[in-house]
Amino acid sequence: MRGELLALRAGHVFDGVRAAPSGMLLVEDGVILDLDLRGSEPPQEATTVDFGPDAWLLPGFVDAHVHLCWDGTNDAVAHVAADSRTTLFEIARANAARALDVGVTTVRDLGDRDYVTLDLREKLASGEIPEIVAAGPPITTYGGHCHFLGGEAEGAEELLAAVHERAERGCDVVKVMASGGNSTPGSSPLVQQYHPVELSLVIAEARRLCLATAAHAHAADTLAEIAGLGFDTLEHFSFFTPDGVGVRRDVLDEVVWRGTYVSPSVGLLPGHEPTLPEVAKRYASIGAVVGEIIASGARIVPGTDSGVSAAKAHGVYPYALMDLARYGMGNLDVLRAATRVAAEAVGRGETKGRLRPGADADIIVLGRSPLADISAVTEVRAVYRMGERVR
Ligand SMILES: [Zn+2]
């Protein structure tokens, strides 16, 4: 409520950087006023919620790669291509609520159809949906990966026009399909879709218009061609070769040196197997690939690709964090990746991903220690969005 002072207390706090015993957050008008680690008593005028000695306060999670208007079934491609805009809006609304429910308070949508996610964030209140960072339809070649989303463009003139359209509509980021993909009939993740000169043009024009850039790339050869171009984030980063996978040391060196954020699309809902054939046949090797990326020191952020299949339905996010831990990332680093680092990667580092004065009061509460056992992230006890409790 406006003007109401809220004090949230718990036995532990993780502020986006480090963990501390005993924390109290003071929140007013949707913003964090203070984080007290000295064990002070709440101010008398505050409404106090004490979650108890075992609970943890954390910044809300950030998912760097979702598809809100994809319905999270194994027919998601057919549905998103054919459904009416009204239906897509309702699907996106339900998926956004689902993300919020598992503690994801910021999403970066890297591929909608017809700019549906821009409508969503304009029309719905923050209590119903996470903060949305939006790409609109990804730029792709004619008939290329996800062409049915409406972002086809080839050649300098069309590519520039595509960047301009996204800027005019209010997108935050330009997403380009640098390689083909798994889910589009006729597209191969091993095939590069654009010449590096075309991609450089997109990056330069986006930067001139203050838009970030994200490139979808599976193929190791494509990653080698584009890692030095200056994309802000590289999506999937899966190092597919014709026979399997093969991490390229030169690519890892390049992204570490540049500080490029990489978003391996890990995370499957329990009881599911990958369904897309090119992923399924490489799935056993993906852990080793992600392990090498982790060991390289590259800036990894969780990006689930939520929505593209039943295994990756919205709500999958906590399982992506568990995968990162399983593949070798320490639990504290997983929490950092899920909050501060991911907020920076999606361009919201000033306001999201940290519990500090002046940051937005997007806060989650866990019932037990995620440092002792990362699976604690699957049991979110409370979610605050801009200071309002939404679950
Ligand atoms: Zn995607």
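# Reading a predicted model, feature by feature

Trainee: Now strands. How do I read the two faces of a strand?

Mentor: In a regular strand the side chains alternate between the two faces of the sheet. Now look at strand β5 (residues 56–59).

Trainee: Which residues of β5 lie on one side, and which on the other?

Mentor: Trp56 and Leu58 are on one side, with Leu57 and Pro59 on the other. These four are all buried, and both faces of β5 are covered.

Trainee: In which sense do β1 and β5 pair, parallel or antiparallel?

Mentor: Parallel. Strand β1 (residues 5–14) joins β5 over two bridges. To find the spot, look for His12, which stands opposite Trp56 in β5.

Trainee: And how many bridges link β5 and β14?

Mentor: Four. Strand β14 (residues 363–366) and β5 pair in the antiparallel sense. Find Pro59 here: it stands opposite Ile363 in β14.

Trainee: What is the strand order in the open sheet of five strands?

Mentor: Read it as β9-β10-β11-β12-β13, with parallel pairing. The edge strands are β9 (173–177) and β13 (299–300), since each pairs on one side only.

Trainee: Which strands does helix α7 touch?

Mentor: Helix α7 (residues 249–258) packs on the sheet and touches β11 and β12. The direction of α7 makes about 165 degrees with that of β11. Then turn to helix α9 (residues 283–296), which also packs on the sheet. Helix α9 touches β11, β12 and β13, and its direction makes about 130 degrees with that of β11.

Trainee: Let's zoom out. Which residues make up domain 1 and domain 2?

Mentor: The domain assignment gives domain 1 as 5–60 + 354–389 and domain 2 as 61–345. Their centres, taken over C-alpha atoms, are 29 Å apart. The contact takes 22 residues from domain 1 and 25 residues from domain 2.

Trainee: How do I put a size on such a contact?

Mentor: The size of an interface is often given as the accessible area lost when the parts come together. In this model, domain 1 and domain 2 bury about 1900 Å² between them. Carbon and sulfur atoms account for 70% of it.

Trainee: How many salt bridges are counted between domain 1 and domain 2?

Mentor: One. For the model, the count comes to 31 salt bridges.

Trainee: Show me one inside a helix. How does spacing along a helix matter?

Mentor: An α-helix has 3.6 residues a turn, so residues three or four places apart point the same way. Glu90 and Arg93 both lie in helix α2, three residues apart, about one turn of the helix. They form a salt bridge, with the closest N and O atoms 3.6 Å apart.

Trainee: What about Glu235 and Arg108: where in the chain do they lie?

Mentor: Their side chains meet in a salt bridge, 2.8 Å from N to O. Glu235 is in strand β11 and Arg108 in strand β7, 127 residues apart, so the pair links distant parts of the chain. Buried means under 20% relative accessible area. Glu235 has 0%, so it is buried. Arg108 is at 2%, so it counts as buried as well.

Technical notes. Residues are numbered from 1 along each chain as its sequence is written. This is a predicted model: local features need pLDDT of at least 70, side-chain atom pairs count only at pLDDT 80 or more; totals for chains, interfaces and linings use all residues. Side-chain values use heavy atoms; hydrogens and water are left out. Buried means under 20% relative accessible area, exposed over 50%, partly exposed in between (1.4 Å probe, protein chains only). Two strands pair if DSSP finds at least two bridges between them. Contact means heavy atoms within 4.5 Å. Axes are lines fitted to C-alpha atoms, for helices over the stretch in contact, and angles run from 0 to 180 degrees between N-to-C directions. Domain bounds come from an automatic or database domain assignment. Buried area is the accessible area (1.4 Å probe) that two parts lose on being put together, summed over both. A salt bridge is a side-chain nitrogen of Lys or Arg within 4 Å of a carboxyl oxygen of Asp or Glu.
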